[in-house]
Amino acid sequence: MERKFNKQKKQHVRTGDTVEVIAGNSKGKRGKVTEILAEKQRVVVDGVNIQKKHVKPSAQNPQGEIREFAGPIHISNVMLVDPATGNPTRTGRKENDKGKLQRFSKETGKFI
């Protein structure tokens with residue numbers, strides 16, 4: 001029986017993938033996906049969408065500081081980088097030899 005609730009769509013990127021930003025202020029930058037926020041359809045990419053947060057002084061940190069961290073961007077604004085060619089590529093899913101669905105590059109046709 002198929003599930004009716006909490007059914008999440010498979011994303012075209014996974015944690016650890018190298019992606020290139022194709023839209024927004026960070027367009028053209030590349031980085032590794034560190035976190036995926038599936039419910040909000042957003043990803044956190046290392047070195048992209050850098051935000052600053054002012055931290056108040058505390059007992060452990062009497063000086064206070066300004067922390068920089070990577071903020072989330074929408075998943076549609078990133079494109080997977082093909083490990084074989086190093087170029088951004090669209091992805092699809094097809095069965096491998098064992099009959100399991102696996103991602104493949106639409107540019108080269110090879111499995112990722």
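Let me start with a term: a salt bridge here is a side-chain nitrogen of Lys or Arg within 4 Å of a carboxyl oxygen of Asp or Glu. Hello everyone, and thanks for having me. What we have is a predicted model, in which local features need pLDDT of at least 70 and side-chain atom pairs count only at pLDDT 80 or more, while totals for chains, interfaces and linings use all residues. Residues are numbered from 1 along each chain as its sequence is written, and side-chain values use heavy atoms, with hydrogens and water left out.

Let's go through the salt bridges. By that rule the count comes to 4, and I'll show you some of them. One joins Arg103 to Asp17, with the closest N and O atoms 2.8 Å apart. Arg103 lies in strand E9 and Asp17 in the segment before strand E1 (18-21), so this pair ties together parts that are 86 residues apart in sequence.

Are Arg103 and Asp17 buried or exposed? For these words, buried means under 20% relative accessible area, exposed means over 50%, and partly exposed is in between, using a 1.4 Å probe and protein chains only. Arg103 has a relative accessibility of 5%, so Arg103 counts as buried. Asp17 is buried too, at 13%.

Next on the screen are Glu68 and Lys52, whose side chains meet in a salt bridge at 3.7 Å, N to O. This pair links distant parts of the chain: Glu68 sits in strand E5 (residues 65-70) and Lys52 in strand E4 (residues 50-55), 16 residues apart. Glu68 counts as exposed because its relative accessibility is 53%, and Lys52 counts as exposed at 58%.

Glu65 and Arg67 also meet through their side chains in a salt bridge, at 3.5 Å, N to O. Glu65 is partly exposed, with a relative accessible area of 35%, and Arg67 counts as partly exposed at 45%.

Now for the inside. By nonpolar core I mean a set of buried Ala, Val, Leu, Ile, Met, Phe, Trp, Tyr and Cys residues joined through side-chain atoms within 4.5 Å. The largest one has 11 residues: Val13, Val19, Val21, Val33, Val43, Val45, Val48, Ile73, Ile75, Val78 and Leu80. At least two residues of this core come from each of E1, strand E3 (42-45) and strand E7 (78-80).

Which residues does Val45 contact, leaving aside its neighbours within four places in sequence? Contact here means heavy atoms within 4.5 Å. The partners of Val45 are Val19, Gly31, Lys32, Val33, Ala70, Ile73 and Val78.

If you turn to Arg90, you will find this residue in the loop between E7 and E8. Arg90 is exposed, with a relative accessible area of 56%. Not counting residues up to four places away in sequence, Arg90 touches Met79, Phe104, Ser105 and Lys106. Arg90 and Leu80 are 10 residues apart in sequence, and their C-alpha atoms are 6.9 Å apart in space.

Let me take you to another loop. Lys98 is placed between strand E8 (91-95) and strand E9 (101-105), and at 80% relative accessibility Lys98 counts as exposed.

Two residues have backbone angles I'd like you to look at. Gln41 is in the loop between strand E2 (30-37) and E3, and phi of Gln41 is near 55°, a positive value in a residue other than glycine. Gln41 is partly exposed, with a relative accessible area of 41%. Asn49 is in the loop between E3 and E4, and Asn49 likewise has a positive phi near 55° without being glycine. The relative accessible area of Asn49 is 23%, so Asn49 is partly exposed.

That's the tour, and I'm happy to take questions.

Conventions: Helix = DSSP H or I, 4+ residues; strand = E, 2+ residues; numbered from the N terminus.
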